[in-house]
Number of protein chains: 2
Amino acid sequence: MASAGRSTTNPRFRRILEQAARLIHQHGFEATSMQAIADACDLTKAGIYHYIQTKEDLLVAIMHYGMDLFEEEVLEQVVGIADPIERLRQTMARHLRLIETAKEITIIVNEYQALTRTAQRELNVRRKRYVRLLEDALREAIERQLIRPVDPTVAAFSFLGVVMWTPNWYRPDGRIPLHKLTESAFDMYLKGLLPQ
Amino acid sequence: MASAGRSTTNPRFRRILEQAARLIHQHGFEATSMQAIADACDLTKAGIYHYIQTKEDLLVAIMHYGMDLFEEEVLEQVVGIADPIERLRQTMARHLRLIETAKEITIIVNEYQALTRTAQRELNVRRKRYVRLLEDALREAIERQLIRPVDPTVAAFSFLGVVMWTPNWYRPDGRIPLHKLTESAFDMYLKGLLPQ
């Protein structure tokens, strides 16, 4: 029963994870009580504990939910794109969009240190798939001479840095609409700053 | 007395800040007790409280110490460089070096949410100087037609993303030495990935 309830396809459990992510994002993990999460979900604490055993489990579940969303909305959508440059472009566009629509779920990575080693390891395995997707696309683009022979690891983490830093500064209701950010950031990443 | 003791030029206070940063980086802010910080410094709790009133004050002091280091080692060293491209290059090189030498001090930004609004505002003022330095250098480079007419804000935060993401993946004792990382990352940022 509990394990069925804990699937992130269960809308009630998703709602708990989303509310918890919002509170943890605002106040930090340690400062967020299970009571506050229950209140935000209009549930009793017992109602929360039906889905999850401890606050640490909840944090792990939020992070895996973030990875589920990322894999569904980004990885699985781009992995079949034959052109490696187009694959990278779609990856950046989709990831930036996901960060904007599910910000609190996706940027809770800051609370990583609150996890056990085992939980960290499991999440790392999922994250490494992302780095590998980027490195593979870059290597392929280099082989096909679509780009210069750069170090694929440095290039992959430059890509990630550009994308993962956006929640720290970007406001979708500000001067730069999301499609413009995506276009500029990818254009700059790909073409660089010097006149061709 | 207390305010003299609290200057980050005081080596004893610096040592407290460095030890506290190390512990907070490892275990998180909430999970780090003043007792643990005192133990790590071979001091009593009273010895710590001579320098600082509360744990929140300590966190604010660490963040300002990080900004002091950044301003001394990066901003003040590059602000007089006439060529905007060279200014950007030196900024990236010096900031990457600082992150490597004072990692725990500089990446504790994750604990930002534990600060009061006032403390956040004060730190934001200092951070904005950095963004302005980057945007100014980029605008100048655009005016002098050294680079394409990109959006300086997107370009500034792409730069920041590349630099600020490094602590999440880069190990100086790994395959890529620091000078190589700096060279590749800046080269990619500047020239981009497409063959010229």
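Some ground rules before going on. This is a predicted model, where local features need pLDDT of at least 70 and side-chain atom pairs count only at pLDDT 80 or more, while totals for chains, interfaces and linings use all residues. Residues are numbered from 1 along each chain as its sequence is written, chains are lettered from A and ligands numbered from 1 in the order in which they are written, and side-chain values use heavy atoms, with hydrogens and water left out.

Now for chain A. It has 10 helices and zero strands, where helices (H or I, at least four residues) and strands (E, at least two) are DSSP runs numbered from the N terminus. The C-alpha trace spans about 60 × 35 × 25 Å along its principal axes. Of its 196 residues, 54% count as buried, meaning under 20% relative accessible area with a 1.4 Å probe, protein chains only. Take the contacts in chain A between residues at least 6 apart in sequence: 68% of them join residues at least 24 apart.

Here are two helix pairs, with axes fitted as lines to C-alpha atoms over the stretch in contact, and angles running from 0 to 180 degrees between N-to-C directions.

| Pair | Angle | Axes |
|---|---|---|
| H6(A) (residues 84-101) and H8(A) (residues 117-143) | roughly 150° | within 8 Å |
| H6(B) (residues 84-101) and H9(B) (residues 152-165) | about 25° | 9 Å apart |

The angle of roughly 150° makes H6(A) roughly antiparallel to H8(A) (over 145 degrees). Residues meeting there include A:Leu88, A:Thr91 and A:His95 of H6(A) and A:Tyr130, A:Leu133 and A:Glu140 of H8(A). By class, that contact has nine nonpolar, two polar and two charged residues; Ala, Val, Leu, Ile, Met, Phe, Trp, Tyr, Cys and Pro count as nonpolar, Asp, Glu, Lys and Arg as charged, and the others, Gly among them, as polar.

In chain B, the angle of about 25° makes H6(B) roughly parallel to H9(B) (under 35 degrees). B:Leu88, B:Met92 and B:Ile99 are among the H6(B) residues that meet H9(B), where the partners include B:Phe159 and B:Val162.

Key: Angles under 35 degrees count as roughly parallel, over 145 as roughly antiparallel, 65 to 115 as roughly perpendicular and the rest as oblique. Contact means heavy atoms within 4.5 Å. Buried means under 20% relative accessible area, exposed over 50%, partly exposed in between (1.4 Å probe, protein chains only).
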